[in-house]
Amino acid sequence: MRRRTFLHQTALAGAAVSLRPSALAPQPASGPVVVSTWDNAAANAAAWAVLQSGGYALDAVEQGVWIPEADPNDTSVGLGGLPDRDGKVTLDACIMDERGGCGSVAALEDILHPISVARRVMEQTPHVLLVGEGARQFALDQGFEPVNLLTPAAEAAWQRWKAQNRYEPPVPNSERRDLPRRNGPYPSDPFGFEDQHDTIGMIANDASGHLAGACTTSGWGFKMRGRVGDSPIVGAGLFVDSEAGAATATGHGEEMIRTAASHSVVEAMRHGLSPQDAVRTVVERIRRKMLADPSTRQAGLLALSSDGRVGGFALQPGFRYVVTVPVGAARPFEAGHVVREVTANGSTTYLVDAPALLG
Ligand code: SD4
């Protein structure tokens, strides 16, 4: 019996009787799979370029998230990210491989690709997490060039924010640049800034069955100096365990940290839940444990099982994700509305509107 099949069946055998596999459950993927938060199709394409040629999942997720990190128009990842309330762009990132190896950086300044610094932490130090000036010094010692990450547009947004100087959490779904801001069904932004947060969480399975994940962000726009979100926290913004699967999170990081959200999703899969049931279960838990008004928060979770099935679920409507699989492969997800489907370079990429608890 193949090892994965054995693990899957063992997990199901140990699960409660009510955990019947859904009749809609997709078949395990027959090739690589890459899944990312929000409409990060360009990042999936970069990851696919690695996976398509038989490359390593860890390289795929690292190179995939380089795309938004280097995009000055993405206002919350890497270059062009909105600064903290003192005007400094500070970055959080985490990476994990199929062995459970992990590295992360938090509150890192002046470095274009925090994900690659996180990988160096994993590969070149005995540690998991480096923060602030120590992380910056480590990056420079490793040969990363210092760059100014504060673009004129982000600085102008910060100046506008300072004029109002209201310190409140970001609006849910502010990543959705296509949504009407003022009169639509989603709450408008009290600051008048449309993109206060954004994060890419990417999880992937390569053709050899290696799982990996990466998560990178500049966090809340105009956050308190020193604030660290869930993205660099292993188990909160990202978790990978080849025996069960991988998960990543986006939205209000404090909620993810309080519930160890990504780890919880992977544990749910380990105990036999499908990826879709796992993300739903954990969003329900986040909602139950929430101290704030849930209508003011967003939590979006993605899961990829070790046999290549995908789940996505959110607290509020509006969370989207992108999945890329080989052309001709069955859809690896069982729920959600497909907004767009594009076939290119031997792959099909689906943009999926995730189901939501409050939707
Ligand atoms: C954070 N979780 O820093 C990140 C922000 C985010 O979509 O995911 N935005 O809390």
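At what angle do the axes of helix α8 and helix α9 cross, and within what distance do they come? In this predicted model, the two axes come within 8 Å and cross at roughly 135 degrees. Helix α8 covers residues 261-270, and helix α9 covers residues 275-289.

Two packed helices are described by the angle between their axes and the distance between the axes. Angles over 145 degrees would count as roughly antiparallel, and 65 to 115 as roughly perpendicular. The pair α8 and α9 is therefore oblique. Its crossing is right-handed. On the α8 side, the contact is made by A261, S264, V265, A268 and M269. On the α9 side, P275, A278, V279, T281, V282, R285 and I286 take part. By class, this contact has nine nonpolar residues, two polar and one charged.

Now turn to helix α2, residues 41-52. Buried residues of α2 are A43, N44, A45, A46, A47, W48, V50 and L51. Their cover includes the helix α3 (57-70) and the strands β1 (33-37), β5 (199-205), β11 (320-326) and β13 (347-353). Just after α2, G54 takes a positive phi of about 80 degrees.

Finally, the whole protein. It has nine helices and 13 strands. Of its 359 residues, 54% are buried. Among contacts with a separation of 6 or more, 66% join residues 24 or more positions apart.

Definitions and conventions:
Residues numbered from 1 in each chain as written. Predicted model: local features only at pLDDT ≥ 70, side-chain atom pairs only at ≥ 80, totals over all residues. Helix = DSSP H or I, 4+ residues; strand = E, 2+ residues; numbered from the N terminus. Buried ≥ 20, exposed ≤ 12 C-beta atoms within 10 Å, placed from the backbone. Contact = placed C-beta atoms within 7 Å. Axes fitted to C-alpha atoms, helices over the stretch in contact; angles between N-to-C directions. Parallel < 35°, antiparallel > 145°, perpendicular 65-115°, else oblique. Left-handed = near helix turned anticlockwise from the far one by under 90°. Nonpolar A, V, L, I, M, F, W, Y, C, P; charged D, E, K, R; others polar. Expected span 1.5 Å × (residues − 1).
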